[in-house]
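Please look over the sequence and the model before reading on.

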Amino acid sequence: MSENIFAEIYNKILGLFGQNTKDESKNTAVNRLRLVLMQDRTNLTPEIMNRMRTELIAVLSKYVELDKEALDLNIGQEGEQMALMLSIPVIRAKDEAEIEEALKKETEKANEESEDAEAEEKEENNENSESEATDEETEEKQISEDSEISEQGEESNDSEEENKEVDTSEDEPTSEPAESAIDEKQIPKIKKVQKNDSEEE
Amino acid sequence: MTGRVIVITSGKGGVGKTTTNANIGTALAKAGKKVVMVDTDLGLRNLDLLLGLENRIVYTIVDVVEERCKLKQALVKDKKNPNLCLLAAAQTRDKTAVTEEQLKDICDELKEQFDFVLVDCPAGIEQGFQNAVAGATEAIVVTTPEMSAVRDADRIIGLLEAKEEIKSYKLLINRYRPSMAASKDMMSKDDVVEILSAELIGIIPEDTGIITSTNKGEPIVNDENSLAGRAYRNVAKRIIGEDVPIIDFEEEAKFSTKLKKFFSKFLNKGKEN
(Lines give C-alpha, C1' and ligand atoms only; values in the text may rest on other atoms or scores of the structure.)
Protein backbone atom coordinates (compact mmCIF):
# COMPACT_ATOMS: atom_id res chain seq x y z
CA MET A 1 0.00 0.00 0.00
CA SER A 2 2.44 2.58 1.19
CA GLU A 3 4.84 1.65 -1.60
CA ASN A 4 2.15 2.35 -4.14
CA ILE A 5 1.51 5.73 -2.71
CA PHE A 6 5.18 6.59 -2.85
CA ALA A 7 5.44 5.39 -6.40
CA GLU A 8 2.47 7.50 -7.34
CA ILE A 9 3.89 10.60 -5.73
CA TYR A 10 7.22 9.95 -7.38
CA ASN A 11 5.58 9.64 -10.78
CA LYS A 12 3.59 12.77 -10.25
CA ILE A 13 6.66 14.74 -9.32
CA LEU A 14 8.47 13.35 -12.33
CA GLY A 15 5.53 14.35 -14.46
CA LEU A 16 5.65 17.88 -13.14
CA PHE A 17 9.31 18.33 -13.93
CA GLY A 18 10.42 16.37 -16.89
CA GLN A 19 7.93 16.13 -19.68
CA ASN A 20 10.19 13.54 -21.25
CA THR A 21 9.27 10.99 -18.67
CA LYS A 22 5.65 10.70 -19.64
CA ASP A 23 4.55 9.59 -23.04
CA GLU A 24 3.13 12.42 -25.05
CA SER A 25 -0.16 11.09 -26.26
CA LYS A 26 -0.63 13.86 -28.74
CA ASN A 27 2.16 12.48 -30.87
CA THR A 28 0.32 9.21 -31.01
CA ALA A 29 -2.80 11.08 -32.02
CA VAL A 30 -1.03 13.05 -34.71
CA ASN A 31 0.62 9.99 -36.18
CA ARG A 32 -2.51 7.89 -36.12
CA LEU A 33 -4.48 10.72 -37.61
CA ARG A 34 -1.97 11.33 -40.38
CA LEU A 35 -2.08 7.71 -41.37
CA VAL A 36 -5.82 7.41 -41.32
CA LEU A 37 -6.28 10.65 -43.25
CA MET A 38 -3.90 9.53 -45.95
CA GLN A 39 -5.95 6.40 -46.28
CA ASP A 40 -9.17 8.41 -46.31
CA ARG A 41 -7.88 10.78 -48.93
CA THR A 42 -6.35 8.26 -51.28
CA ASN A 43 -8.27 5.06 -50.74
CA LEU A 44 -4.91 3.37 -50.36
CA THR A 45 -5.77 0.72 -47.82
CA PRO A 46 -3.06 -0.98 -45.76
CA GLU A 47 -3.50 -4.06 -47.95
CA ILE A 48 -2.79 -2.15 -51.12
CA MET A 49 0.18 -0.47 -49.50
CA ASN A 50 1.52 -3.84 -48.47
CA ARG A 51 1.14 -5.19 -51.93
CA MET A 52 2.86 -2.19 -53.38
CA ARG A 53 5.66 -2.72 -50.91
CA THR A 54 6.12 -6.36 -51.84
CA GLU A 55 6.15 -5.59 -55.53
CA LEU A 56 8.63 -2.79 -55.06
CA ILE A 57 10.91 -5.09 -53.13
CA ALA A 58 10.77 -7.61 -55.92
CA VAL A 59 11.75 -5.01 -58.50
CA LEU A 60 14.46 -3.37 -56.45
CA SER A 61 15.98 -6.65 -55.38
CA LYS A 62 17.09 -7.21 -58.93
CA TYR A 63 19.51 -4.32 -58.69
CA VAL A 64 20.40 -3.95 -55.05
CA GLU A 65 20.51 -6.04 -51.97
CA LEU A 66 18.26 -4.30 -49.51
CA ASP A 67 17.17 -4.59 -45.94
CA LYS A 68 13.63 -5.71 -46.53
CA GLU A 69 12.51 -5.36 -42.98
CA ALA A 70 13.62 -1.76 -42.80
CA LEU A 71 12.25 -0.77 -46.18
CA ASP A 72 9.64 1.81 -45.50
CA LEU A 73 6.84 2.91 -47.76
CA ASN A 74 4.63 5.73 -46.59
CA ILE A 75 2.20 8.19 -47.97
CA GLY A 76 3.08 11.64 -46.83
CA GLN A 77 2.33 15.21 -47.56
CA GLU A 78 4.67 17.84 -48.77
CA GLY A 79 2.79 21.08 -48.75
CA GLU A 80 -0.18 20.67 -51.01
CA GLN A 81 1.25 17.67 -52.75
CA MET A 82 0.64 14.11 -51.73
CA ALA A 83 3.80 12.07 -51.89
CA LEU A 84 4.78 8.45 -51.65
CA MET A 85 7.90 8.19 -49.56
CA LEU A 86 10.09 5.21 -50.03
CA SER A 87 13.07 4.67 -47.83
CA ILE A 88 15.30 1.85 -49.00
CA PRO A 89 18.15 0.81 -46.77
CA VAL A 90 20.67 -0.62 -49.22
CA ILE A 91 22.98 -3.29 -47.90
CA ARG A 92 25.05 -3.30 -51.03
CA ALA A 93 24.69 -2.65 -54.71
CA LYS A 94 24.72 -5.70 -56.90
CA ASP A 95 27.37 -5.93 -59.56
CA GLU A 96 26.70 -6.21 -63.24
CA ALA A 97 26.86 -9.98 -63.37
CA GLU A 98 24.35 -10.30 -60.60
CA ILE A 99 21.99 -7.85 -62.17
CA GLU A 100 22.26 -9.63 -65.47
CA GLU A 101 21.59 -12.87 -63.76
CA ALA A 102 18.51 -11.45 -62.10
CA LEU A 103 17.23 -10.06 -65.36
CA LYS A 104 17.89 -13.31 -67.13
CA LYS A 105 16.02 -15.08 -64.45
CA GLU A 106 13.17 -12.74 -64.90
CA THR A 107 12.86 -13.37 -68.61
CA GLU A 108 12.97 -17.06 -67.92
CA LYS A 109 10.22 -16.60 -65.47
CA ALA A 110 8.18 -14.74 -68.00
CA ASN A 111 8.63 -17.58 -70.44
CA GLU A 112 7.47 -20.21 -68.07
CA GLU A 113 4.52 -18.97 -66.20
CA SER A 114 4.03 -22.03 -64.10
CA GLU A 115 7.52 -21.71 -62.69
CA ASP A 116 7.14 -18.04 -62.15
CA ALA A 117 5.18 -18.24 -58.96
CA GLU A 118 7.46 -20.87 -57.50
CA ALA A 119 10.65 -19.01 -58.17
CA GLU A 120 9.32 -15.83 -56.74
CA GLU A 121 8.28 -17.57 -53.61
CA LYS A 122 11.66 -19.10 -53.24
CA GLU A 123 13.40 -15.84 -53.80
CA GLU A 124 11.29 -14.18 -51.23
CA ASN A 125 11.81 -16.87 -48.68
CA ASN A 126 15.53 -16.62 -49.05
CA GLU A 127 15.71 -12.90 -48.84
CA ASN A 128 13.44 -12.86 -45.89
CA SER A 129 15.55 -15.32 -44.03
CA GLU A 130 18.59 -13.16 -44.58
CA SER A 131 17.28 -10.40 -42.46
CA GLU A 132 14.78 -12.28 -40.39
CA ALA A 133 15.02 -14.24 -37.22
CA THR A 134 17.70 -16.82 -36.82
CA ASP A 135 15.61 -19.88 -36.07
CA GLU A 136 14.32 -19.87 -39.60
CA GLU A 137 17.81 -19.63 -40.92
CA THR A 138 19.05 -22.56 -38.97
CA GLU A 139 16.23 -24.63 -40.27
CA GLU A 140 17.14 -23.83 -43.80
CA LYS A 141 20.73 -24.45 -43.06
CA GLN A 142 20.02 -27.96 -42.07
CA ILE A 143 18.04 -28.62 -45.16
CA SER A 144 20.62 -27.33 -47.56
CA GLU A 145 23.74 -28.35 -45.71
CA ASP A 146 24.54 -31.12 -48.14
CA SER A 147 24.33 -29.03 -51.24
CA GLU A 148 26.41 -26.35 -49.65
CA ILE A 149 29.27 -28.68 -48.92
CA SER A 150 29.31 -30.16 -52.34
CA GLU A 151 29.22 -26.83 -54.11
CA GLN A 152 31.38 -24.58 -52.07
CA GLY A 153 33.50 -26.95 -50.12
CA GLU A 154 36.67 -25.17 -51.11
CA GLU A 155 35.64 -21.95 -49.51
CA SER A 156 36.83 -21.15 -46.05
CA ASN A 157 33.94 -19.66 -44.23
CA ASP A 158 33.60 -17.39 -41.31
CA SER A 159 30.94 -18.80 -39.09
CA GLU A 160 29.19 -15.46 -39.32
CA GLU A 161 28.87 -15.58 -43.04
CA GLU A 162 27.77 -19.15 -43.11
CA ASN A 163 24.10 -18.46 -42.82
CA LYS A 164 24.06 -16.04 -45.66
CA GLU A 165 25.82 -18.43 -47.94
CA VAL A 166 23.41 -21.12 -47.12
CA ASP A 167 20.63 -18.84 -48.12
CA THR A 168 22.12 -17.89 -51.39
CA SER A 169 23.15 -21.37 -52.19
CA GLU A 170 19.58 -22.47 -51.89
CA ASP A 171 18.46 -19.52 -53.90
CA GLU A 172 20.77 -19.83 -56.84
CA PRO A 173 22.32 -23.23 -57.07
CA THR A 174 24.53 -22.32 -60.03
CA SER A 175 27.75 -20.37 -59.54
CA GLU A 176 26.30 -17.28 -57.94
CA PRO A 177 26.43 -17.92 -54.22
CA ALA A 178 30.15 -18.14 -53.71
CA GLU A 179 30.71 -14.89 -55.50
CA SER A 180 28.12 -12.97 -53.61
CA ALA A 181 29.42 -14.26 -50.34
CA ILE A 182 32.85 -12.90 -51.08
CA ASP A 183 31.42 -9.59 -52.09
CA GLU A 184 29.60 -9.32 -48.86
CA LYS A 185 32.74 -9.81 -46.91
CA GLN A 186 34.62 -7.19 -48.84
CA ILE A 187 32.07 -4.46 -48.85
CA PRO A 188 31.13 -3.11 -45.46
CA LYS A 189 27.49 -3.41 -44.76
CA ILE A 190 25.46 -0.27 -44.55
CA LYS A 191 22.35 -1.16 -42.73
CA LYS A 192 19.45 1.11 -41.98
CA VAL A 193 20.80 4.05 -43.84
CA GLN A 194 17.54 5.83 -43.47
CA LYS A 195 15.14 5.72 -40.63
CA ASN A 196 11.41 5.86 -40.67
CA ASP A 197 9.94 9.33 -40.84
CA SER A 198 7.50 8.45 -38.16
CA GLU A 199 10.19 7.32 -35.84
CA GLU A 200 11.99 10.58 -36.05
CA GLU A 201 8.95 12.42 -34.93
CA MET B 1 -26.33 45.13 -51.59
CA THR B 2 -24.79 41.75 -52.12
CA GLY B 3 -23.91 40.08 -48.88
CA ARG B 4 -21.59 37.19 -48.20
CA VAL B 5 -23.10 33.78 -47.63
CA ILE B 6 -20.98 31.76 -45.21
CA VAL B 7 -21.83 28.21 -44.24
CA ILE B 8 -20.64 27.01 -40.85
CA THR B 9 -20.03 23.31 -40.93
CA SER B 10 -17.99 20.57 -39.28
CA GLY B 11 -18.94 17.05 -40.23
CA LYS B 12 -18.84 15.82 -36.68
CA GLY B 13 -21.60 16.83 -34.33
CA GLY B 14 -21.09 18.57 -31.03
CA VAL B 15 -17.97 20.49 -31.94
CA GLY B 16 -19.72 23.83 -31.68
CA LYS B 17 -21.14 24.76 -35.07
CA THR B 18 -24.25 26.35 -33.67
CA THR B 19 -22.39 28.10 -30.85
CA THR B 20 -19.94 29.44 -33.41
CA ASN B 21 -22.77 30.60 -35.61
CA ALA B 22 -24.56 32.40 -32.81
CA ASN B 23 -21.40 34.09 -31.59
CA ILE B 24 -19.96 35.12 -34.91
CA GLY B 25 -23.37 36.38 -36.00
CA THR B 26 -23.80 38.41 -32.83
CA ALA B 27 -20.27 39.77 -33.04
CA LEU B 28 -20.72 40.82 -36.66
CA ALA B 29 -24.00 42.51 -35.81
CA LYS B 30 -22.33 44.30 -32.91
CA ALA B 31 -19.73 45.52 -35.36
CA GLY B 32 -22.56 47.20 -37.26
CA LYS B 33 -23.13 44.63 -39.99
CA LYS B 34 -26.57 43.44 -41.01
CA VAL B 35 -26.60 39.73 -40.30
CA VAL B 36 -29.09 36.95 -40.83
CA MET B 37 -28.55 33.43 -39.49
CA VAL B 38 -30.20 30.55 -41.26
CA ASP B 39 -30.67 27.36 -39.29
CA THR B 40 -30.82 24.46 -41.74
CA ASP B 41 -30.73 21.74 -39.12
CA LEU B 42 -34.31 20.68 -39.76
CA GLY B 43 -35.77 18.59 -36.99
CA LEU B 44 -32.92 19.45 -34.61
CA ARG B 45 -33.00 23.19 -34.39
CA ASN B 46 -30.99 24.86 -31.66
CA LEU B 47 -29.78 28.19 -32.91
CA ASP B 48 -32.93 29.81 -31.56
CA LEU B 49 -32.08 28.50 -28.08
CA LEU B 50 -28.54 29.84 -28.11
CA LEU B 51 -29.85 33.26 -29.06
CA GLY B 52 -32.70 33.12 -26.58
CA LEU B 53 -35.25 33.51 -29.36
CA GLU B 54 -37.09 30.21 -28.99
CA ASN B 55 -40.33 31.87 -27.89
CA ARG B 56 -40.44 34.35 -30.70
CA ILE B 57 -40.51 31.99 -33.62
CA VAL B 58 -43.71 32.05 -35.58
CA TYR B 59 -42.65 30.87 -39.01
CA THR B 60 -39.79 28.63 -40.02
CA ILE B 61 -37.78 28.03 -43.15
CA VAL B 62 -40.21 25.28 -44.15
CA ASP B 63 -43.10 27.74 -43.96
CA VAL B 64 -41.19 29.98 -46.34
CA VAL B 65 -40.47 27.16 -48.74
CA GLU B 66 -44.06 25.96 -48.67
CA GLU B 67 -45.25 29.53 -49.13
CA ARG B 68 -47.23 29.86 -45.95
CA CYS B 69 -45.49 33.17 -45.36
CA LYS B 70 -43.15 35.67 -46.96
CA LEU B 71 -39.44 35.31 -46.27
CA LYS B 72 -39.43 38.63 -44.46
CA GLN B 73 -42.18 37.48 -42.10
CA ALA B 74 -40.18 34.47 -41.02
CA LEU B 75 -37.16 36.50 -39.95
CA VAL B 76 -36.97 36.90 -36.16
CA LYS B 77 -35.17 39.99 -34.91
CA ASP B 78 -32.70 39.62 -32.06
CA LYS B 79 -33.71 40.97 -28.66
CA LYS B 80 -30.81 43.34 -28.34
CA ASN B 81 -29.48 43.95 -31.77
CA PRO B 82 -31.80 45.02 -34.59
CA ASN B 83 -29.01 44.22 -37.08
CA LEU B 84 -29.34 40.55 -36.27
CA CYS B 85 -32.03 38.22 -37.60
CA LEU B 86 -32.75 34.52 -37.44
CA LEU B 87 -34.48 32.28 -39.92
CA ALA B 88 -35.31 29.28 -37.79
CA ALA B 89 -35.38 25.66 -38.83
CA ALA B 90 -38.56 23.62 -38.51
CA GLN B 91 -38.47 21.34 -35.55
CA THR B 92 -41.18 18.98 -36.75
CA ARG B 93 -39.86 18.18 -40.20
CA ASP B 94 -36.88 16.32 -41.58
CA LYS B 95 -34.09 17.22 -43.96
CA THR B 96 -36.14 16.41 -47.04
CA ALA B 97 -38.58 19.26 -46.41
CA VAL B 98 -36.24 21.71 -48.13
CA THR B 99 -34.25 21.15 -51.31
CA GLU B 100 -30.86 22.48 -52.34
CA GLU B 101 -32.48 24.68 -54.94
CA GLN B 102 -34.92 26.17 -52.45
CA LEU B 103 -32.17 26.93 -49.96
CA LYS B 104 -30.09 28.53 -52.63
CA ASP B 105 -33.02 30.76 -53.58
CA ILE B 106 -33.51 31.78 -49.96
CA CYS B 107 -29.81 32.62 -49.56
CA ASP B 108 -29.84 34.58 -52.81
CA GLU B 109 -32.81 36.58 -51.63
CA LEU B 110 -31.34 37.19 -48.18
CA LYS B 111 -27.97 38.38 -49.39
CA GLU B 112 -29.71 41.24 -51.19
CA GLN B 113 -30.79 42.59 -47.83
CA PHE B 114 -27.98 41.58 -45.49
CA ASP B 115 -24.22 41.96 -45.28
CA PHE B 116 -23.82 38.45 -43.98
CA VAL B 117 -25.89 35.31 -44.32
CA LEU B 118 -24.59 32.70 -41.89
CA VAL B 119 -25.88 29.23 -42.64
CA ASP B 120 -25.87 26.79 -39.75
CA CYS B 121 -25.21 23.36 -41.17
CA PRO B 122 -26.37 20.08 -39.64
CA ALA B 123 -23.82 17.44 -38.71
CA GLY B 124 -23.03 14.76 -41.24
CA ILE B 125 -22.29 14.76 -44.93
CA GLU B 126 -25.70 13.78 -46.21
CA GLN B 127 -28.47 15.82 -47.78
CA GLY B 128 -28.62 18.27 -44.89
CA PHE B 129 -25.01 19.23 -45.54
CA GLN B 130 -25.58 19.44 -49.28
CA ASN B 131 -28.56 21.71 -48.69
CA ALA B 132 -26.75 24.01 -46.31
CA VAL B 133 -23.80 24.41 -48.63
CA ALA B 134 -25.94 25.01 -51.71
CA GLY B 135 -26.33 28.76 -51.31
CA ALA B 136 -22.95 29.55 -49.78
CA THR B 137 -19.81 30.89 -51.38
CA GLU B 138 -17.63 30.70 -48.27
CA ALA B 139 -17.30 28.19 -45.47
CA ILE B 140 -16.01 28.03 -41.95
CA VAL B 141 -15.05 24.52 -40.90
CA VAL B 142 -15.33 24.07 -37.15
CA THR B 143 -13.23 21.41 -35.50
CA THR B 144 -11.78 20.58 -32.11
CA PRO B 145 -8.28 19.26 -31.47
CA GLU B 146 -9.58 15.71 -31.25
CA MET B 147 -8.86 12.98 -33.74
CA SER B 148 -12.44 12.24 -34.68
CA ALA B 149 -13.32 15.89 -35.21
CA VAL B 150 -10.20 16.51 -37.28
CA ARG B 151 -10.85 13.48 -39.41
CA ASP B 152 -14.40 14.58 -40.09
CA ALA B 153 -13.22 18.10 -40.82
CA ASP B 154 -10.84 16.65 -43.38
CA ARG B 155 -13.73 14.88 -45.04
CA ILE B 156 -15.78 18.06 -45.08
CA ILE B 157 -12.88 20.02 -46.55
CA GLY B 158 -12.63 17.44 -49.29
CA LEU B 159 -16.32 17.88 -50.07
CA LEU B 160 -16.07 21.66 -49.97
CA GLU B 161 -13.13 21.64 -52.34
CA ALA B 162 -15.20 19.70 -54.81
CA LYS B 163 -17.88 22.39 -54.78
CA GLU B 164 -17.34 25.08 -57.35
CA GLU B 165 -19.56 27.57 -55.57
CA ILE B 166 -17.41 27.54 -52.45
CA LYS B 167 -14.69 30.06 -53.18
CA SER B 168 -12.89 29.80 -49.87
CA TYR B 169 -13.00 27.97 -46.59
CA LYS B 170 -11.33 28.66 -43.28
CA LEU B 171 -10.69 26.58 -40.24
CA LEU B 172 -11.89 27.39 -36.74
CA ILE B 173 -10.50 25.37 -33.86
CA ASN B 174 -12.98 25.23 -31.05
CA ARG B 175 -12.76 24.03 -27.46
CA TYR B 176 -9.02 24.51 -27.40
CA ARG B 177 -7.22 23.58 -24.20
CA PRO B 178 -3.96 25.48 -24.30
CA SER B 179 -2.54 23.88 -21.17
CA MET B 180 -3.12 20.38 -22.52
CA ALA B 181 -1.63 21.39 -25.85
CA ALA B 182 1.39 22.86 -24.07
CA SER B 183 1.95 19.67 -22.12
CA LYS B 184 1.48 17.67 -25.33
CA ASP B 185 -1.51 15.81 -24.03
CA MET B 186 -3.57 17.19 -26.87
CA MET B 187 -2.94 18.21 -30.43
CA SER B 188 -1.82 21.79 -30.78
CA LYS B 189 -3.29 24.30 -33.20
CA ASP B 190 -0.19 23.87 -35.34
CA ASP B 191 -0.76 20.13 -35.51
CA VAL B 192 -4.35 20.59 -36.60
CA VAL B 193 -3.54 23.28 -39.14
CA GLU B 194 -0.71 21.23 -40.57
CA ILE B 195 -2.74 18.06 -40.80
CA LEU B 196 -5.67 19.76 -42.49
CA SER B 197 -3.49 22.25 -44.37
CA ALA B 198 -6.22 24.84 -44.11
CA GLU B 199 -6.11 28.51 -43.31
CA LEU B 200 -6.99 29.31 -39.74
CA ILE B 201 -9.59 31.93 -38.93
CA GLY B 202 -9.51 31.57 -35.18
CA ILE B 203 -9.03 29.53 -32.07
CA ILE B 204 -11.67 29.47 -29.37
CA PRO B 205 -10.44 28.28 -25.99
CA GLU B 206 -12.52 25.89 -23.95
CA ASP B 207 -14.61 28.06 -21.68
CA THR B 208 -17.15 27.00 -19.10
CA GLY B 209 -18.81 30.33 -19.76
CA ILE B 210 -20.19 28.84 -22.98
CA ILE B 211 -22.46 26.60 -20.94
CA THR B 212 -23.74 29.36 -18.71
CA SER B 213 -24.24 31.67 -21.65
CA THR B 214 -26.27 28.97 -23.38
CA ASN B 215 -28.30 28.57 -20.21
CA LYS B 216 -29.18 32.22 -20.44
CA GLY B 217 -29.70 32.27 -24.17
CA GLU B 218 -27.10 34.93 -24.62
CA PRO B 219 -24.04 34.44 -26.82
CA ILE B 220 -20.76 34.69 -24.98
CA VAL B 221 -19.48 37.48 -27.24
CA ASN B 222 -21.67 39.78 -25.19
CA ASP B 223 -19.50 39.02 -22.17
CA GLU B 224 -16.59 41.42 -22.37
CA ASN B 225 -14.53 39.49 -19.84
CA SER B 226 -14.79 36.05 -21.39
CA LEU B 227 -11.76 34.66 -23.18
CA ALA B 228 -13.91 32.69 -25.61
CA GLY B 229 -16.01 35.80 -26.22
CA ARG B 230 -12.89 37.76 -27.04
CA ALA B 231 -11.73 35.03 -29.40
CA TYR B 232 -15.11 35.03 -31.19
CA ARG B 233 -15.03 38.80 -31.54
CA ASN B 234 -11.60 38.46 -33.13
CA VAL B 235 -12.94 35.89 -35.58
CA ALA B 236 -15.69 38.31 -36.57
CA LYS B 237 -13.10 41.03 -37.11
CA ARG B 238 -11.08 38.74 -39.33
CA ILE B 239 -14.18 37.91 -41.35
CA ILE B 240 -14.72 41.61 -41.94
CA GLY B 241 -11.14 41.85 -43.08
CA GLU B 242 -9.34 43.30 -40.09
CA ASP B 243 -5.90 41.96 -39.42
CA VAL B 244 -6.14 40.65 -35.89
CA PRO B 245 -3.39 38.34 -34.67
CA ILE B 246 -4.52 35.00 -33.32
CA ILE B 247 -4.17 34.90 -29.56
CA ASP B 248 -1.36 32.56 -28.61
CA PHE B 249 -3.09 30.75 -25.81
CA GLU B 250 -0.36 28.18 -25.82
CA GLU B 251 2.31 30.66 -24.88
CA GLU B 252 0.14 31.85 -22.07
CA ALA B 253 -0.35 28.30 -20.99
CA LYS B 254 3.32 27.58 -21.24
CA PHE B 255 4.02 30.47 -18.95
CA SER B 256 1.53 29.15 -16.44
CA THR B 257 3.07 25.69 -16.63
CA LYS B 258 6.39 27.31 -16.00
CA LEU B 259 4.93 28.95 -12.94
CA LYS B 260 3.51 25.65 -11.80
CA LYS B 261 6.84 23.99 -12.29
CA PHE B 262 8.55 26.71 -10.36
CA PHE B 263 6.18 26.32 -7.43
CA SER B 264 6.34 22.57 -7.37
CA LYS B 265 10.12 22.76 -7.43
CA PHE B 266 9.90 25.12 -4.52
CA LEU B 267 7.61 22.77 -2.64
CA ASN B 268 9.79 19.81 -3.38
CA LYS B 269 12.81 21.55 -1.96
CA GLY B 270 10.85 22.26 1.15
CA LYS B 271 10.05 18.58 1.50
CA GLU B 272 13.67 17.58 1.18
CA ASN B 273 14.66 19.98 3.90
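The structure is a predicted model. Chain A has nine helices and four strands. Along its sequence, these elements of chain A follow the order α-α-α-β-β-β-β-α-α-α-α-α-α. Of the 201 residues in chain A, 30% count as buried. Among the contacts in chain A with a separation of 6 or more, 59% join residues 24 or more positions apart.

Chain B contains twelve helices and eight strands. It has 273 residues, of which 55% count as buried. In chain B, residues 24 or more positions apart make up 75% of the contacts with a separation of 6 or more.

## Nonpolar cores

In soluble globular proteins, nonpolar side chains tend to be buried together. The largest nonpolar core of this model holds 94 residues. The members that touch the most other members are B:I24, B:I61, B:L87, B:L110, B:I140, B:L160 and B:I239. With neighbours within four places in sequence left aside, B:I24 is in contact with B:L118, B:I140, B:L172, B:Y232, B:V235, B:A236 and B:I239. Apart from this core lies another, of five residues, and A:M38, A:L44, A:M49 and A:L73 are among them.

## A helix contact between the chains

Two packed helices are described by the angle between their axes and the distance between the axes. The crossing of the pair α2(A) and α9(B) is right-handed.

On the side of α2(A), the residues in contact are A:K26, A:V30, A:L33, A:R34, A:L37 and A:R41. They meet B:D191, B:E194, B:I195 and B:L196 of α9(B). Sorted by class, the contact of α2(A) with α9(B) has five nonpolar and five charged residues, and no polar ones.

## A helix contact within chain B

Helix α5 (residues 100-110) and helix α6 (residues 127-134), both of chain B, pack at an angle of about 30° with their axes 7 Å apart. This angle makes α5(B) roughly parallel to α6(B). The crossing in which α5(B) passes α6(B) is right-handed.

From α5(B), the residues B:E100, B:L103 and B:K104 meet B:Q127, B:Q130, B:N131, B:A132 and B:A134 of α6(B). The residues of the contact of α5(B) with α6(B) comprise three nonpolar, three polar and two charged.

B:R238 belongs to helix α11 of chain B, which spans residues 227-240. Is this residue, B:R238, buried or exposed? Its relative accessible area is 16%, and because buried means under 20%, B:R238 counts as buried. B:R238 and B:I201 are 37 residues apart along the chain, while their C-alpha atoms are separated by 7.0 Å.

In chain A, A:L103 lies in helix α4 (residues 96-111). A:L103 is partly exposed, at 32% relative accessibility. A:L103 and A:K62 are 41 residues apart along the chain, and their C-alpha atoms are separated by 7.0 Å. Beyond residues up to four places away in sequence, A:L103 touches A:K62 and A:Y63.

## Positive phi angles in two loops

Which loop of chain B holds B:K184? This residue, B:K184, is in the loop between α8 (178-182) and α9. The phi of B:K184 is near 60°, a positive value in a residue other than glycine. With a relative accessible area of 32%, B:K184 is partly exposed.

B:S197 is in the loop between α9 and β8 (200-205) of chain B. Although B:S197 is not a glycine, its phi is positive, at about 35°. B:S197 counts as partly exposed, with 31% relative accessibility.

Key. Residues are numbered from 1 along each chain as its sequence is written. Chains are lettered from A and ligands numbered from 1 in the order in which they are written. This is a predicted model: local features need pLDDT of at least 70, side-chain atom pairs count only at pLDDT 80 or more; totals for chains, interfaces and linings use all residues. Side-chain values use heavy atoms; hydrogens and water are left out. A crossing is left-handed if the near helix is turned anticlockwise from the far one by less than a right angle, and right-handed if clockwise. Contact means heavy atoms within 4.5 Å. Ala, Val, Leu, Ile, Met, Phe, Trp, Tyr, Cys and Pro count as nonpolar, Asp, Glu, Lys and Arg as charged, and the others, Gly among them, as polar. A nonpolar core is a set of buried Ala, Val, Leu, Ile, Met, Phe, Trp, Tyr and Cys residues joined through side-chain atoms within 4.5 Å. Buried means under 20% relative accessible area, exposed over 50%, partly exposed in between (1.4 Å probe, protein chains only). Axes are lines fitted to C-alpha atoms, for helices over the stretch in contact, and angles run from 0 to 180 degrees between N-to-C directions. Angles under 35 degrees count as roughly parallel, over 145 as roughly antiparallel, 65 to 115 as roughly perpendicular and the rest as oblique.
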